[in-house]
Structures are given as structure tokens and as C-alpha cells.
Amino acid sequence: MDAYTGFAMVYDLFMDNIPYEEWGAYLKGLLQEYGIYDGLVLDLGCGTGIMTELLADAGYDMIGIDMSEEMLGAAMEKREQSGHDILYLCQDMRKFELYGTVRAIISICDSMNYILEEEELLGILTLAARNYLDYGGLFIFDLNTEYKYREILGEQTIAENREEGSFIWENYYDESKRLNEYNLTLFIREESDYYRKYEESHYQRAYTLDTVKTLVERSGLRLLHIYDAFTWEPAREDSERVCVICRRKEEQENSI
């Protein structure tokens, strides 16, 4: 995958419209609702480590996993500045490995939409359910919805120009395959004030809520809620993003 090579250099710049502080407070609230006030938490698809840092600020011992070396490089720069003891691992989230179990796994900013096959998404959930979540631990992830891909992004072209760089985002959604493709053309300023051109293609899959429910059940996790993203309200037909909250069953539940 060539995604998040050039884009990693300017990811934080162009994603500055995301309310990370609010999302971090929401995740902290969810974790604490289920008694997780501290301990190990995995940020799966951590990107440049913004949310990883926020949860470290909240007192969690963070692990971040991403397959982009460039994104992890930016995350490690943040770690150097903050002084947090965060472990970053360069791994494919479809077959991630940890040294032990964690109290919770979070995955936001539609990282799970990059998982293009149902069986691969099931594999991630199953790894959490069988190997890497503490009994009673939470798996929280968000997803862009079919509605967003079909009605909001669709056949859109988005462009943005800033001093440090510019991008053109051409989006295509194949409704029959539930596959979203966006092609990025980036112009990133270098030290000499010249701009280098980068081109990347990204692919994301839209999952129906029924499919998500089925995969969670098959994995052995227990589905707690599917919320309209970053609220405590149930997902709606016109939700653009949803948050899925699952729990690993307690040991005695698995033996029943």
C-alpha cells in the first residue's frame, strides 16, 4: 500500500477540522463508563498519534499501531515533545500482534473502513476477542457510513490550498460494491520553497450496520451499542459516522 506516504507529511495540517479534543473526551467517557480508568489501551490505526497522545494525557498507558512508517514518524515526533511513554509498532492492523492483553482497543478516523473484506474485519475482531483484550475489555471503533459515501462524498472533488501545501481530492463511490475510492494529488512545499508533487489512491469499504452486527457476533465479542458517532444517541439512517462499542465477554460467560 502506498497510502499515507506523501499525505503523512501534511496530514495534521489538513485534518485540523477534526475535533480531536472532543472525540478524546468522548472516548474517555466511554472507557470510564465501563470501569476503565487506567491501564493499557491500544490505538489501532493510530496515524500521527494525536488521539494516542490525548489518551496518554488522560492517564492511559498507550500502544499505537499503524502500517505507515511515515505516519508513525510523525507520531514519534509528538512523543518526543510530550515525553509520554508510548509504544509504537509498525504493523498491518489486519494481523496485529501484542505482547499481552490490553484493557481496551480504540480505532477511530475511519481506520476500519480501510479494511476492504468482511473476513478481514472479522479477523481483527476475532484477534481482539480471543487474544488481545482483557476479559470485559472494550473495543471501540468508528466507521463512515453508506449514507456518507453515497450522499455526502459521492462523485465529489475537493481542493484546498495552504502555504505549506495543497491537495486535490477526487472521490468516487461504487454503490454496487460499497467501495469508495479517493485519489489525492498533493503539492508539498520543501525547504527550497519548491513544491513536490505526490499522488496517492485510497480505498474504503462501506459496511451496513447489519453486517457489522453479524461480524461482531461471529467474532465472539458482545455488541453493546452502535451510536451516532461521538454521541450517546442510536445510529440513524442519515448518520454520517457511527461508533461501535463491543466488549470481550467475561471468562465465565465464555464457559457457558
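**Rings and charges, pair by pair**

Modeller: Let's start with phenylalanine 141, which counts as buried because its relative accessibility is 0% (buried means under 20% relative accessible area, exposed over 50%, and partly exposed in between, with a 1.4 Å probe and protein chains only). Phenylalanine 139 also has 0% relative accessibility, so that residue counts as buried too.

Before we go on, keep in mind that this is a predicted model, where local features need pLDDT of at least 70 and side-chain atom pairs count only at pLDDT 80 or more, while totals for chains, interfaces and linings use all residues. Residues are numbered from 1 along each chain as its sequence is written, and side-chain values use heavy atoms, with hydrogens and water left out.

Now the rings. There are 8 aromatic pairs in the structure (rings of Phe, Tyr and Trp, the last by its six-membered ring, pair if their centres lie within 6.5 Å; planes under 30 degrees apart count as stacked, over 60 as edge-to-face and the rest as tilted). One of them joins tyrosine 26 and phenylalanine 230: the ring centres are 5.3 Å apart and the planes sit at 70°, so this pair is edge-to-face. Tyrosine 26 belongs to helix 2 (residues 20-33), while phenylalanine 230 is in the loop between strand 10 (221-228) and strand 11 (241-248), so the pair ties together parts that are 204 residues apart in sequence (helices, H or I with at least four residues, and strands, E with at least two, are DSSP runs numbered from the N terminus). Both tyrosine 26 and phenylalanine 230 are buried.

Elsewhere, Tyr20, Trp23, Tyr26, Phe230 and Trp232 form one aromatic cluster.

Arginine 248 lies over the face of tyrosine 135, 4.1 Å from the ring centre (a charge sits over a ring if NZ of Lys or CZ of Arg is within 6 Å of the ring centre and within 35 degrees of the ring normal). In the same way, arginine 205 has its charged end over the ring of tyrosine 207, at 4.9 Å from the centre.

What about charges that meet each other? Side chains of opposite charge can pair when their charged atoms come close. A search of the whole structure turns up 13 salt bridges (a side-chain nitrogen of Lys or Arg within 4 Å of a carboxyl oxygen of Asp or Glu). Arginine 218 and glutamate 119 form one of them, at 3.4 Å from N to O. Arginine 218 is in helix 7 (residues 209-219) and glutamate 119 in helix 5 (residues 118-132), so this bridge ties together parts 99 residues apart in sequence.

Arginine 178 and glutamate 146 meet in a salt bridge as well, 2.6 Å from N to O. Here the loop between strand 7 (165-174) and strand 8 (179-189) holds arginine 178, and helix 6 (residues 146-153) holds glutamate 146, so the pair links parts 32 residues apart in sequence. Arginine 178 counts as partly exposed because its relative accessibility is 31%, and glutamate 146, at 22%, counts as partly exposed too.
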